[in-house]
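Me: Hi, I'm new to this one. Could you walk me through it?

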Amino acid sequence: MDIIFGRNKKEQLEPVRAKVTGRIPTWLQGTLLRNGPGMHTVGETRYNHWFDGLALLHSFTIRDGEVYYRSKYLRSDTYKANIEANRIVVSEFGTMAYPDPCKNIFSKAFSYLSHTIPDFTDNCLINIMKCGEDFYATTETNYIRKINPQTLETLEKVDYRKYVAVNLATAHPHYDAAGNVLNMGTSIIDKGKTRYVVFRIPAAAPENKKGTNPLKHTEVFCSITSRSLLSPSYYHSFGVTENHIVFLEQPFKLDILKMSTAYIRGANWASCLAFHKEDKTYIHVIDQRTRKPLPTKFYTDPMVVFHHVNAYEEDGCLLFDVITYEDSSLYELFYLANLNQDFEENCRLTSIPTLRRFAVPLSVDKNAEVGSNLIKLTSTTAKALKEKDDQVYCQPELLYEGLELPRINYARNGKPYRYVFAAEVQWSPIPTKILKYDVLTKSSLKWGQEHCWPAEPLFVPTPGAQDEDDGIILSAIVSTDPQKLPFLLILDAKSFTELARASIDVEMHLDLHGLFIPDTDWDARKPALSQEERDRAPDSCVAPQA
């Protein structure tokens with residue numbers, strides 16, 4: 001497991017031409033850009049948690065049936081400080097670090113007040129966000145880093161707090177048809193309240209302010225006051241429909257008082273997160289037209305959700321699909337100390353990720369009997385049971401057990417849809433197969449090979465496609481077999497049969513999330529690979545098309 005999780009990966013600064021077998025569709029032209037942890041030790045120091053590793057960007061540029069690979073560490077302030085010191089000096093969520101290793105508990109006391117609500121890391125290792133014409137590496141703090149998607153060069157550092165009062169923000173924003181960004185963040189104890197803030201970044205600056213950064217025109221869309229001032233919910237994503245926003249305030253909570261003393265106690269911030277199994281999960285539904293939450297109090301059983309799949313409206317109801325866990329054991333598993341020879345046994349102690357569908361009535365009949373099911377849809381067995389005091393208990397429909405890292409055809413985001421593309425996981429959180437799940441027929445198609453660990457599958461639609469699954473699936477595959485090269489897998493999304501693979505003779509890391517940038521998304525006069533770069537690529541890596 002150390003080969004996959006704990007070993008630092010080398011950068012591939014110059015593009016490497018992959019060996020392509022099979023046939024890549026001629027219309028597939030662009031760059032798959034991905035992000036994830038790639039460095040877990042600096043000098044003699046080691047991160048505690050896999051999610052703490054320094055961000056390593058990598059890209060697969062697909063051009064005229066050829067594939068070129070490159071990778072580069074994000075040159076964040078965190079990266080530069082650590083490398084200069086040759087040890088970890090910037091704290092991550094699972095690893096507390098101190099700039100001066102000689103500091104004792106008394107000297108730490110003088111500086112800990114500045115860490116009460118800490119200045120978090122800019123190690124943006126989770127996802128890639130498109131904002132207007134720009135691209136940013138993102139994480140779950142208030143910082144994002146602008147990057148050049150062609151060269152993977154790190155550009156300016158952006159602090160969300162300059163534009164909106166949030167200390168934390170998700171790495172999973174939503175986009176509307178115009179390219180406007182909708183995201184959520186937590187504002188900790190601001191003006192006596194802790195709030196969940198929904199904010200909107202326009203795709204472009206207003207007409208009368210052309211040339212300015214769209215981020216400067218960020219607006220607060222709405223906010224929800226946390227049920228607890230000092231224990232806000234952790235969340236990784238949220239859902240949207242055409243008219244509503246869905247947010248789950250779950251009993252996986254961040255203890256602000258513990259966080260305020262973590263630095264002086266020598267404890268990491270992850271130790272300030274706790275799952276409260278006796279609490280409920282509250283379902284907040286915001287009407288995008290009024291920018292206010294629905295007055296009914298919807299709730300369900302305690303659970304942990306990292307990824308929303310999709311949400312949509314049907315006959316007066318809002319349906320949303322999420323990957324749920326019974327507790328927070330998944331996060332605990334990814335401490336590097338647990339990713340050892342006992343990994344298989346440790347995995348069996350974790351909760352299984354389960355796809356569940358919830359249904360929420362958008363208007364509640366006050367005369368309905370207590371205990372009655374307010375959902376009359378025939379398309380789901382999910383229930384919403386009326387209770388006293390304007391409360392509604394939501395009982396989900398179980399759709400599938402054992403999948404994570406879900407993606408959809410994003411053209412169906414917020415709308416009725418049929419297909420989920422995901423990584424299949426069974427007793428282990430490590431994916432062994434790629435899955436296409438049909439939420440209508442409850443059937444699935446799978447791709448998998450021995451020793452292959454697939455990354456999050458990403459759907460790219462065929463130009464002019466009519467069918468929801470008319471397109472291809474891209475996934476970066478690493479192997480536990482040292483004799484097997486990593487590769488980019490290209491599947492036909494309809495049949496789930498392999499069309500091509502592009503093998504690369506590099507050390508590829510396990511990534512988390514990313515996006516595909518069609519060539520039409522940037523100036524065609526600036527190709528991702530110059531002719532000079534093409535000439536430098538070794539001819540021995542060229543493979544004839546089948």
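**The cavity lining**

Reply: In the lining of the largest cavity, 32 residues are nonpolar, 10 are polar and 6 are charged. Here nonpolar covers Ala, Val, Leu, Ile, Met, Phe, Trp, Tyr, Cys and Pro, charged covers Asp, Glu, Lys and Arg, and the others, Gly among them, are polar. This is a predicted model, where local features need pLDDT of at least 70 and side-chain atom pairs pLDDT 80 or more, while totals for chains, interfaces and linings use all residues. Residues are numbered from 1 along each chain as its sequence is written, and side-chain values use heavy atoms, without hydrogens and water.

Me: What volume does the largest cavity have?
Reply: About 970 Å³, counted as the space filled by probe spheres set on grid points joined across faces, edges and corners. A cavity is a set of points on a 1 Å grid over the protein atoms alone where a 1.4 Å probe fits but cannot get out, and lining residues have an atom within 4 Å of a point.

Me: Which residues are closest to its centre?
Reply: Phe51, Ile126, Glu140, Tyr234 and His236, out of 48 lining residues.

Me: New topic: what order do the strands of the open sheet follow?
Reply: The order is β24-β25-β26-β29, with antiparallel pairing. Strands are DSSP runs (E, at least two residues) numbered from the N terminus, and two pair if DSSP finds at least two bridges between them.

Me: Which strands stand at the edges?
Reply: β24 (304-314) and β29 (397-401); each has a single partner strand, so one side of each lacks a neighbour in the sheet.

Key. Helices (H or I, at least four residues) and strands (E, at least two) are DSSP runs, numbered from the N terminus. On a 1 Å grid over the protein atoms alone, a cavity is a set of points where a 1.4 Å probe fits but cannot get out, and a pocket is an open set with protein on both sides within 12 Å along at least five of seven lines; lining residues have an atom within 4 Å of a point.
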